[in-house]
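Subject: Structure handover

Hello,

I am passing on the structure below, followed by notes on what was found in it. Please read the notes with the structure open.

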Amino acid sequence: SKPIIALVGRPNVGKSTLFNRLTKTRDAIVADFPGLTRDRQYGTGKVGSSEYIVVDTGGLSGEDLGVDSLMAGQVQQAIAESHGIFFLVDGRAGITPADEAIANYIRGFGKPVQVLVNKTEGCNLAVLTAEFYALGLGEPIGISSAHGDNVAEAVDELIERM
Ligand code: GDP
Ligand code: MG
């Protein structure tokens, strides 16, 4: 059966844009509106000879338990049923306390995680990704969900560890 990849990260980092690129569909709702995607979304895709299932999630703000508890339910479920996690962060915004909270949360699952520093098109990858080593989840990869930069490499890297 195909490996399942969960897309996790705070709202507006580009999870749904990546979902669309990985599945080449418009199933996920992409918007400037944080937290709009409330339901899990599933799609299938293929990079090289690797086929996979990808699960989009609405996102964790990592800021408070009240607002996040519903989201935590579906994110928790998506992670539990996955074989590996793409943890998206925003390279232009830099590391945030919410990113750190989410890192600690997903670390607890003990699943393979690849940190993806998104929105890096036209930027110096080494500079933008460096600070995200501090999340303690290994070597971050700079990508652009919108343009596709490094997305296939990121899939290969994660699938290799699943
Ligand atoms: P989600 O809330 O994590 O699902 O984020 P979305 O996929 O809805 O994207 C949030 C915003 O970020 C939208 O305005 C996207 O167009 C924008 N965005 C997503 N990926 C990229 C990217 O690679 N580069 C840039 N510059 N913007 C992006
Ligand atoms: Mg979304």
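This is a predicted model: local features need pLDDT of at least 70, side-chain atom pairs count only at pLDDT 80 or more; totals for chains, interfaces and linings use all residues.

**Starting point: Ser50**

Ser50 lies in strand β3. How exposed is Ser50? It counts as partly exposed, with 16 C-beta neighbours inside 10 Å. Setting aside neighbours within four places in sequence, Ser50 is in contact with Val155, Asp156 and Ile159. Val155 and Ile159 are among the buried residues of helix α5, while Asp156 is one of the exposed residues on the other side of that helix. Ser145 is a separate case: 95 residues from Ser50 in sequence, with a C-alpha to C-alpha distance of 19 Å.

**The chain as a whole**

The protein chain has 162 residues, of which 43% count as buried. Its secondary structure comes to 5 helices and 6 strands. Read from the N terminus, the order of elements is β-α-β-β-α-β-α-β-α-β-α. Among contacts between residues at least 6 apart in sequence, 65% join residues at least 24 apart.

On confidence, the mean pLDDT of the chain is 86, and 81% of the residues reach 70 or more. The model scores are ipTM 0.99 and pTM 0.90.

**The sheet**

In what order do the strands of the open sheet lie? The 6 strands are arranged β2-β3-β1-β4-β5-β6, and the pairing is mixed. At the edges are β2 and β6, each of which pairs on one side only. Helix α5 packs on this sheet and touches β1, β2, β3, β4, β5 and β6. The direction of α5 makes about 100° with that of β3.

Strand β1 covers residues 4-8, and 4 of its 5 residues are buried. Its pairing with β3 (residues 50-56) is parallel, over 3 bridges; there, Ile5 has Val54 as its bridge partner. The pairing of β1 with β4 (residues 84-90) is also parallel, over 4 bridges, and in β4 the bridge partner of Leu7 is Phe86.

**The core**

Which residues have the most contacts inside the largest nonpolar core? They are Leu7, Val8, Phe87 and Leu116, in a core of 36 residues. Two or more residues come from each of β1, α1, β3, α2 (65-80), β4, α3 (97-107), β5 and α5. Val8 gives an example of the contacts involved: not counting residues up to four places away in sequence, it touches Thr57, Val75, Ile79, Ile85, Phe87, Ile102 and Ile106.

**Two helices, α1 and α5**

Helix α1 (15-23) is largely enclosed by the rest of the structure, because 9 of its 9 residues are buried. The buried residues include Lys15, Asn20 and Arg21 as well as Leu18, Phe19 and Leu22. They pack against β1, β2 (41-47), β3, β4 and α5. Just after α1, Lys24 takes a positive phi of about 50°.

Helix α5 spans residues 151-160, and its buried residues are Val151, Ala154, Val155, Leu158 and Ile159. Viewed down the helix axis, these buried residues fall within an arc of 125°, so they line one face of α5. On the other side, Glu153, Asp156 and Glu160 are exposed.

**Two loop residues with positive phi**

Lys119 has a phi near 65°, a positive value in a residue other than glycine. It sits in the loop between β5 (113-118) and α4 (125-130). Is Lys119 buried or exposed? Lys119 has 23 other C-beta atoms within 10 Å, and the cut-off for buried is 20 or more, so it counts as buried.

Asn150 likewise has a positive phi, near 65°, and is a residue other than glycine. Its place is in the loop between β6 (141-142) and α5. Asn150 is buried as well, with 20 other C-beta atoms within 10 Å.

Regards

Technical notes:
Residues are numbered from 1 along each chain as its sequence is written. Chains are lettered from A and ligands numbered from 1 in the order in which they are written. A residue is buried if 20 or more other C-beta atoms lie within 10 Å of its own, exposed if 12 or fewer, and partly exposed in between; C-beta atoms are placed from the backbone. The arc is that of the directions from the helix axis to the C-beta atoms. Two strands pair if DSSP finds at least two bridges between them. Two residues are in contact if their C-beta atoms, placed from the backbone, lie within 7 Å. A nonpolar core is a set of buried Ala, Val, Leu, Ile, Met, Phe, Trp, Tyr and Cys residues joined through C-beta atoms within 7 Å. pLDDT is the predictor's confidence in each residue, from 0 to 100. Axes are lines fitted to C-alpha atoms, for helices over the stretch in contact, and angles run from 0 to 180 degrees between N-to-C directions.
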